[in-house]
Amino acid sequence: MLKNLLAFFFPPLCPVCEKVVNEGICCTCLKGIRLIRGPLCTTCGVPFVSTVPPDHFCGECIKKKKPFSYARSVGIYDGTLLDAIHMLKYKGKTSLARPLGMLMADYLHENDYDILAPVPLHKTRLKERGFNQSLLLGRVIARKHNLHLDYLSLVRLRATRPQVNLKGNERTRNVRGVFEVRKASSFIDKKVLLIDDVYTTGATVSECTSALRKAGARRVGVFTLARVVDL
Ligand SMILES: [Zn+2]
Ligand SMILES: [Zn+2]
């Protein structure tokens, strides 16, 4: 009764465009998200221009093997998804975490992981922003798939410049040696799925993977909400 009354006076709004909806992100906004479908690179998950299957390695992954087993993303980092991520991260609209996390949870079919680990922020950045968007997304996925979420063991040792302003090689240098596993026992022989909001060049998640593997993780996968793609 109270719930109905509340819904009458305060109808739920689409967290992206603020139109009245039943639940979550509205159909119009959802249509503005370009989901990543195959064929894609078996390892890094980059989608190919050609729509002819099957999946295969991309040129970059043939040249240099990625440290993680594979990376996948829900959609291309443009349109609604880019707007939504900006609103979440830079405008503090944390009500977006649940619907965006649900998009990720629905996309995740293979869930034979032992642990979900969100990419950590440095404590100064965390203080500025007030939350870690990857942790908020990870929480929704963990709940939906009944997976263990560890957001304390992997840490970022220093604040880095935002990757978005840097070029390929600079990105790699910017995050080199930045991550460390604090509680050594946490990841030994575990299958870990790293969670982040955006995959750009993979430099950040590659560094996280190295730290996790050093701490004994058996396998590391990467799962992000969006991915920078030139298509
Ligand atoms: Zn909307
Ligand atoms: Zn690749």
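**Close-up 1. The end of helix α7 and residue N146 in the predicted model.** In this predicted model, helix α7 is followed by N146, a residue whose phi is positive, near 55 degrees. N146 is placed in the loop between α7 and β3, and its positive phi occurs in a residue other than glycine. Most residues other than glycine have a negative phi, and most peptide bonds are trans. N146 counts as exposed because 7 C-beta neighbours lie inside 10 Å, where the cut-off for exposed is 12 or fewer.

**Close-up 2. Helix α7 against the sheet.** Helix α7 has 13 residues and reaches 19 Å from its first C-alpha to its last, which is close to the 18 Å expected at 1.5 Å a residue. Buried residues of α7 are Q133, S134, L135, L137, G138, V140, I141 and A142, and the buried residues of this helix pack against α4 (79-90), α5 (97-107), β2, β3, β6 and β7.

**Close-up 3. The pairing of β1 with β7.** Strand β1 and strand β7 (residues 219-227) run parallel and are joined by 6 bridges. Within this pairing, A71 has V222 of β7 as its bridge partner, while the bridge partner of I76 in β7 is R227.

Close-up 4. R213 is found in helix α9 (residues 203-214) and is partly exposed, because 17 other C-beta atoms lie within 10 Å. When residues up to four places away in sequence are not counted, R213 touches P67 and V220. The C-alpha atoms of R213 and D189 are separated by 9.2 Å, and the two residues are 24 residues apart along the chain. D189 is found in the loop between β5 (179-181) and β6, and its phi is near 60 degrees, a positive value in a residue other than glycine. D189 is exposed, because 9 other C-beta atoms lie within 10 Å.

Close-up 5. The peptide bond from G38 to P39 is cis, with omega near -5 degrees, and P39 has its place in the loop between α2 (27-31) and α3 (59-63). The peptide bond from P53 to P54 is cis as well, with omega near 5 degrees, and P54 lies in the loop between α2 and α3.

**Close-up 6. The contact between domain 1 and domain 2.** According to the domain assignment, the chain holds domain 1 (1-31) and domain 2 (35-227), whose C-alpha centres lie 29 Å apart. The contact between them takes 5 residues from domain 1 and 8 residues from domain 2. The side of domain 1 that touches domain 2 has, by class, 4 nonpolar residues, 1 polar residue and no charged residues.

Conventions
Residues numbered from 1 in each chain as written. Chains lettered and ligands numbered in written order. Predicted model: local features only at pLDDT ≥ 70, side-chain atom pairs only at ≥ 80, totals over all residues. Pairing = 2+ DSSP bridges. Helix = DSSP H or I, 4+ residues; strand = E, 2+ residues; numbered from the N terminus. Expected span 1.5 Å × (residues − 1). Buried ≥ 20, exposed ≤ 12 C-beta atoms within 10 Å, placed from the backbone. Contact = placed C-beta atoms within 7 Å. Domains from an automatic or database assignment. Nonpolar A, V, L, I, M, F, W, Y, C, P; charged D, E, K, R; others polar.
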